[in-house]
Amino acid sequence: MSKPYSQRFRILSLDGGGIKGAFTASVLSSWESTTGLRIRDHFDLIAGTSTGGILAIGLGLGEPASSILEFYKHYGPEIFPNARIVQRLNLALSNLWRPKYSQTALRDALTKVFGQKRFGESTCRLVIPTYDAIQGRIFLMKTAHSRQFQFDYSASAVDVALATSAAPTFFEPAAFTEHEGNLYVDGGVWANCPALCAVIEAHHFLGIPLEDIHVLSVGTTSEPTGLFHKLERGPFGFLQPGIIRWAPQLLGLLFQAQMEASLAISSLLIKERFIRVDEITPEGAYKLDSSGKIKQLAALGRSCATQTAILDRVRAEFLDGIPAEPFTPIYRIQVREPENS
């Protein structure tokens, strides 16, 4: 039997994965539709990396998961535009010395959804991994759920979303107004699955006993094939394993390896209270920028979310109608009164 909320700290962890976040958004939207409950009302902490960070921020700011799914459907093709064969070749060549996609398109899309809202307006505790490219250190953007967290909450929600999703080679590093002079890159370079970050946050900073922590971790689909098999089948598979052969796989290798570490350690710490929801897909079926497959990803997410075994467990342990305790931030956003004309 589930513990009452006073003895149960529920965490939602959302992986990175570019446009494959449409899968995650569809999973969450299906759960909200099926249960009639809002995701954010039933979690004490939401952690999200990259595309998962965008989802986490949207949920925290009150957006239903269905609206975030529409964000992917509507703006995905603008953020990751499809190109003809000749254009793809030119894009690949230019990607040797500049980012593949425009950060402006991503910023414009996020602004249309989040507007001028601040990160600290979230009604749920948020932890958003990124990487400080200037200092060379891992970094976590956090709401004001502890007295020491006073440097991120007043930042623009758009700036936080850009900081966690600036994937190397895909987008340029993201500037950050609240941290003058800093540049950030995608949190997926060290925490593509933020489950372990969230568990540590709850236990170390909030003082929650490990035995009271429950984690629901949602992926963005994954592939079963080993790395070396991909190297052999890649365009440079005929070469010895040097820079040219390894380079196309390095980003994926970073994301996959530390994601597996996060899942393994979190599972050991949380034991049976850790639930992982993801879908294994054929090799190469979906890429970080496969904007032409958003509808397929959404359908896959809906199918995964409504499997009886998964849905029953999620209902029993997380979306059980018992809301999380209300979140009261230590520091509050000051709402400016409009000036009289």
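A residue counts as buried when its relative accessible area is under 20%. That cut-off comes up in several of the views below, all of them taken from a predicted model.

**View 1. T221 sits in a loop, tucked away from the surface.**
T221 is found in the loop between β7 and α9, the helix that covers residues 227-233. Is T221 buried or exposed? Its relative accessible area is 6%, so T221 is buried. Have a look at the backbone here too: phi of T221 is near 80°, which is a positive value in a residue other than glycine.

**View 2. K271 is another non-glycine residue with a positive phi.**
For K271, phi is about 60°. You'll find K271 in the loop that runs between α10 (243-270) and β8 (274-277). Its relative accessibility is 52%, and exposed means over 50%, so K271 counts as exposed.

**View 3. V215 in strand β7 and the residues around it.**
Strand β7 spans residues 213-218, and V215 is part of it. How accessible is V215? The value is 0%, so V215 counts as buried. Which residues does V215 touch, once its neighbours within four places in sequence are left aside? The list is I11, A195, V199, I270, R273, F274, I275 and F318. K271 from the previous view turns up again here: V215 and K271 are 56 residues apart along the chain, while their C-alpha atoms are separated by 9.8 Å.

**View 4. Helix α1 packs against helix α3.**
Here you see α1 (residues 21-35) and α3 (residues 65-79), with their axes 8 Å apart. The angle between the two helices is about 155°. Anything over 145 degrees counts as roughly antiparallel, so that is how α1 and α3 are described. Their crossing is left-handed. On the α1 side, the residues that meet α3 are G21, A22, A25, S26, L28, S29 and E32. Their partners in α3 are A65, S66, I68, L69 and Y72.

**View 5. Helix α1 also packs against helix α11.**
This time the partner of α1 is α11, residues 294-305, and the axes of the pair are 7 Å apart. How are α1 and α11 arranged relative to each other? They pack at an angle of about 40°, and they are therefore oblique to each other. The crossing of α1 and α11 is right-handed. From α1, the residues taking part are A22, F23, S26, V27, S30 and W31. From α11, they meet I294, L297, A298, L300, G301, R302, C304 and A305. Spot A22 and S26 in this view: both also meet residues of α3.

**View 6. Two buried cysteines, C193 and C304.**
How many disulfides does the protein have, if the two sulfur atoms must lie within 2.5 Å? The count comes to zero. Take C193 as an example: the nearest cysteine sulfur belongs to C197 and is 8.4 Å away, so C193 is in no disulfide. C193 has a relative accessible area of 1%, so it is buried. C304, one of the α11 residues that meet α1, is buried as well, with a relative accessible area of 1%.

**View 7. Zooming out to the whole chain.**
The protein has 12 helices and eight strands. Of its 341 residues, 50% count as buried. Among contacts between residues at least 6 apart in sequence, 78% join residues at least 24 apart. The protein exposes about 16400 Å², and carbon and sulfur atoms supply 55% of that area.

Key. Residues are numbered from 1 along each chain as its sequence is written. This is a predicted model: local features need pLDDT of at least 70, side-chain atom pairs count only at pLDDT 80 or more; totals for chains, interfaces and linings use all residues. Side-chain values use heavy atoms; hydrogens and water are left out. Helices (H or I, at least four residues) and strands (E, at least two) are DSSP runs, numbered from the N terminus. Buried means under 20% relative accessible area, exposed over 50%, partly exposed in between (1.4 Å probe, protein chains only). Contact means heavy atoms within 4.5 Å. Accessible areas come from the Shrake-Rupley method with a 1.4 Å probe; for residues, only the protein chains shown count as cover. Axes are lines fitted to C-alpha atoms, for helices over the stretch in contact, and angles run from 0 to 180 degrees between N-to-C directions. Angles under 35 degrees count as roughly parallel, over 145 as roughly antiparallel, 65 to 115 as roughly perpendicular and the rest as oblique. A crossing is left-handed if the near helix is turned anticlockwise from the far one by less than a right angle, and right-handed if clockwise.
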